[in-house]
Amino acid sequence: DLFSNEPNSSFVIGSLRSDRCNFASSSIQQIVPRCQPRASSMRGKSTRRFAVASDIISEYQLWLEVAPLQTKVVTSSILWGIGDLLAQLRTPIPVDSGRLAKYMLIGLGAGVLWSFWYATAQALVTQAVPSSSSQVLLSILLEQFIWCPVLYAAYLIPLETLLSGGSLADAQQSVKSQLGDLLVANAKVWTLANVLIYSVPLEWRVFVSNMVEIVWANVCADFFSKQGNNDDEASSE
């Protein structure tokens, strides 16, 4: 009997399976021989792109260790500029280099202030609550209801108004009229992002927030541009 001996039956079944697999493999190779170079090429491109991205992140981390504040500030300035540029490119009006420089300058100061905030918030929540999830929640609440109102009222809105040619009185009026709407826009963009930002280690927070910063800088550029247009229409009336 062919299957009376267990080792022999295992050998035969294994052989049959092997033959079927070999047949299927050879059939596939005959049917799709031209797909292999293309697939191999795509895998090679993906590998190269991943290697480049990995090198960029490693280089950025190196600069964070060598010159942390300078790296964060320059990165913030560049990303604010990119955000404003994207906002300008969505309109038929030619790119305003003066406006672009203005938002890069705002981003420069924002990089300093946010670096200070992340370190301060980490120290505060670590002492206040023990669990990591509670620290994330408390950090988000402190940012949304304490830090952002102070930052926008004392820095972002007044500086944008002054750089646009307004006076100190105009800056005060801008704070009164724009702060509430800007905080609402901030909550829409940053609340979910902050769950991730405050969950990563402290040294990674500025890097992760910079990824969202392009969107936020775009939102701010649109926001202040619309406010400026509204003010121009009101003054003309």
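## Confidence

The structure is a predicted model. Across the protein chain the pLDDT averages 80, and 76% of the residues score at least 70. Helix α5 has the highest confidence in the chain, at a mean of 95, whereas helix α1, made of residues 6–31, has the lowest, at a mean of 48.

Over residues 1–7 the pLDDT is below 50. Beyond near neighbours in sequence, this stretch makes three contacts in the model. Residues 9–14 also have a pLDDT under 50, and for them the model has two contacts beyond four places in sequence.

## The bent helix

Helix α5 runs over residues 132–163 and has 32 residues. Its end C-alpha atoms lie only 40 Å apart. A straight helix, at 1.5 Å a residue, would reach 46 Å, and α5 falls short of that span.

Where does α5 bend? The bend is at Tyr152 and comes to about 50 degrees. Just after α5 comes Gly165, which takes a positive phi of about 100 degrees.

How values were computed: Residues are numbered from 1 along each chain as its sequence is written. This is a predicted model: local features need pLDDT of at least 70, side-chain atom pairs count only at pLDDT 80 or more; totals for chains, interfaces and linings use all residues. Side-chain values use heavy atoms; hydrogens and water are left out. Helices (H or I, at least four residues) and strands (E, at least two) are DSSP runs, numbered from the N terminus. The expected span of a helix is 1.5 Å times one less than its number of residues. The bend at a residue is the angle between axes fitted to the seven residues ending there and the seven starting there. pLDDT is the predictor's confidence in each residue, from 0 to 100. Contact means heavy atoms within 4.5 Å.
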